[in-house]
Amino acid sequence: MKTKRVVYVEGGGDRKKDTRLRCREGFARLIAKCGFKRQPKIVPCGGRGQVRRKFRATHINSSIDDCILMLIDSEATVVEIEQTWDHLRQRDGWSKPRGATDDQVLFMTTCMETWIAADREALREAYARRGINENALPPLDALESRSSQDVFNRLKNGTNNQFDKGEESFKILGQLNPDTLAEYLPSFERARRILNEKLSR
């Protein structure tokens, strides 16, 4: 039986085919830049609840050699970065599926926009013609402690109200530098480490 390597991601939630495609492309490009031995299948699922349902269904029918992961917004600061199911239980009331492990949950802390805000070079390139106000962007220090709304508002202000979720954000996502993200975002560094371990098998 063929080994499954699947990452269910939060994103593309408006159900438009083009938006789901851009979501998949953005995450796939970023993950490919990490240089893993193998590349997983990226499955955009829309909202967090849909990610959970698809993850559980696949996990239940998976083998020990399969790599079944979900990549979702943490929606809040993560107290203990390695105890992902505890965070989901306390914040969302999610129970851990039988046999699931903490390293099957990868967080964008607190949201995907935090990743985008961390890479100023990518933002400068994305808005080269329109310009950005870097002083209005969220500080890079303790970036993962900021709320998703704060990060989004500051991205809007820093790009002169040009940044928006959807196709534009997924395009920028694919332009991000993994090394830059790992420098400022512990949750991204953890996700990259776990993916490297699981995709090297």
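Q: Are Arg48 and Glu10 buried or exposed?
A: This is a predicted model, in which local features need pLDDT of at least 70, side-chain atom pairs count only at pLDDT 80 or more, and totals for chains, interfaces and linings use all residues. Residues are numbered from 1 along each chain as its sequence is written, and side-chain values use heavy atoms, with hydrogens and water left out. With buried meaning under 20% relative accessible area, exposed over 50% and partly exposed in between (1.4 Å probe, protein chains only), both Arg48 and Glu10 are buried.

Q: Which parts of the chain does the salt bridge between Arg48 and Glu10 tie together?
A: The side chains of Arg48 and Glu10 meet in a salt bridge at 3.9 Å, N to O, where the term requires a side-chain nitrogen of Lys or Arg within 4 Å of a carboxyl oxygen of Asp or Glu. Helices (H or I, at least four residues) and strands (E, at least two) are DSSP runs, numbered from the N terminus. Because the partners are 38 residues apart in sequence, the pair ties helix H2 (residues 48-60) to the loop between strand E1 (5-9) and H1.

Q: How many disulfides does the structure hold?
A: A disulfide is counted when a pair of cysteine sulfur atoms lies within 2.5 Å. The sulfur of Cys23 is 8.6 Å from the closest cysteine sulfur, in Cys45, and is therefore too far for a bond. For Cys67 the closest cysteine sulfur, in Cys34, is 13 Å away, again too far for a bond. The number of disulfides in the structure is zero.
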